Amino acid sequence: MRIDGRTKLAGLVGWPIDKSLSPAMHNAAYEVLDLNWVYLPFSVQDQKGLARFVDAVRSLPFVGFNVTMPYKQAILGLCDEVAMFAQMAEAVNTVHCLDGTLVGYNTDGRGLIEALRSEAGFDPAGKKAAIIGAGGAAAAAVVGLIVGKASDIAMVNRSVERAEAVIERMRPYLRGATAEALPLDRSAREAVESADLVVNATPIGMVEGDPSPVPPEWLHEGQVVCDMIYQRPETDLVRVARDAGATVVGGLPMLVEQGALAIEIWSGASQVQVPRDVMRRAAEEALARHPAQEGER
Ligand code: NAP
């Protein structure tokens, strides 16, 4: 790694992030791309700390930074501008520092869609999807599905009111697609069974022994089942979905993709060939060294 008087900064702000995979993943890509950047973890324990971090960023040579739990919503109010998809998701995971202006983006939704495309050949156009969860990652997934022209979207959540609020917010953008909110109980069976795509966007599965967030008998051959969790190679959902004959996509390809998209934003060049394979290998090696904790990226 080259560090000199021209080195620019990038990084991740969140808490806890001590076992984050992002520094390994990003720094490996910068090396291959010959970018004179360094990616650092910035562990910030409360919202006051987040505001102080953002103030510091404004006077330091940052190209941008990623944002993870628990600040993806709080950072919205600290950005000067927020891109449309991040506004729709009400969550920012990538900030671009552009001539003193902080512009918030969300690359999780497109990251999910690109990962589904590359790992499972899945195109959401005209397809039915069931998203389990209604937090920032689930909302970003819904945005990705709307942009990808999915025909039917069901958001299934423990607190159904939270899913209802997300769906209501998305309604103006649906362009003929249907969207509904359902509680995470048996009433979601039809929506999950009939879905072409089922996505887990909850932390269920992070801990050894966690059950699948949906009953195994709701899953079947012909479906693509994606678990956003990447800290464990085989969650219960991944296992039961594979046993049911579904095509399974883990969370690591999405993690790599959302990071690669951040590099594209910061470098201002969508033509730059971000080495996803290098990033994935670096993330896998970092994961093997330090299994991550709940909520970390
Ligand atoms: P979040 O905003 O905190 O939302 C968490 C969601 O999970 C909420 O809908 C919550 O339901 C639900 N939930 C939590 N514990 C539950 C339980 N025990 N039973 C049922 N539902 C439960 O989190 P987030 O930022 O959306 O992230 C969600 C997951 O996605 C995390 O595991 C995160 O690591 C992962 N993620 C992965 C990637 C990737 O690149 N692979 C990117 C982003 C996020 P309530 O509304 O009822 O509380």
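In the predicted model, Cys79 has a relative accessibility of 12% and therefore counts as buried. Cys97 is likewise buried, its relative accessible area being 15%. No disulfides are present in the structure. Cys79 takes part in none, and the cysteine sulfur nearest to its own, that of Cys97, lies 9.1 Å away. From the side of Cys97, the closest cysteine sulfur is that of Cys79, and the separation of 9.1 Å is too far for a bond, because a disulfide requires the two sulfur atoms to be within 2.5 Å.

The loop between strand 3 (62-67) and strand 4 (81-82) contains Tyr71. With a relative accessibility of 3%, Tyr71 is classed as buried. When residues up to four places away in sequence are set aside, Tyr71 is in contact with Gly14, Trp15, Val44, Gln45, Asp46, Gln47 and Leu50. Leu116 stands 45 residues from Tyr71 along the chain, and the C-alpha atoms of the two residues are 26 Å apart.

Salt bridges were examined next. The whole structure contains 16 of them. One of these links the side chains of Arg58 and Asp80, with an N to O distance of 3.0 Å. Arg58 belongs to helix 2 (residues 47-58) and Asp80 to the loop between strand 3 and strand 4, so this pair ties together parts of the chain 22 residues apart in sequence. Arg58 is partly exposed at 36% relative accessibility, and Asp80 is also partly exposed, with a relative accessible area of 42%.

A further salt bridge is formed by Asp108 and Lys72, whose closest N and O atoms are 2.9 Å apart. Asp108 is located in helix 4 (residues 108-120), whereas Lys72 is located in the loop between strand 3 and strand 4; the pair therefore ties together parts separated by 36 residues in sequence. Asp108 and Lys72 are both buried.

Glu234 and Arg242 also form a salt bridge, with 2.7 Å between the closest N and O atoms. Glu234 counts as partly exposed at 36% relative accessibility, as does Arg242, for which the relative accessible area is 45%.

In an α-helix, residues three or four places apart point the same way, since each turn takes 3.6 residues.

At the surface, a nonpolar patch is formed by Met84, Phe85 and Val147, which together have about 260 Å² of accessible area. Phe85 itself is partly exposed, having a relative accessible area of 41%.

Technical notes: Residues are numbered from 1 along each chain as its sequence is written. This is a predicted model: local features need pLDDT of at least 70, side-chain atom pairs count only at pLDDT 80 or more; totals for chains, interfaces and linings use all residues. Side-chain values use heavy atoms; hydrogens and water are left out. Buried means under 20% relative accessible area, exposed over 50%, partly exposed in between (1.4 Å probe, protein chains only). Patches are made of residues with over 30% relative accessible area and no salt bridge: like charges are joined within 9 Å, nonpolar side chains (Val, Leu, Ile, Met, Phe, Trp, Tyr) within 5 Å. Accessible areas come from the Shrake-Rupley method with a 1.4 Å probe; for residues, only the protein chains shown count as cover. A salt bridge is a side-chain nitrogen of Lys or Arg within 4 Å of a carboxyl oxygen of Asp or Glu. Helices (H or I, at least four residues) and strands (E, at least two) are DSSP runs, numbered from the N terminus. Contact means heavy atoms within 4.5 Å.
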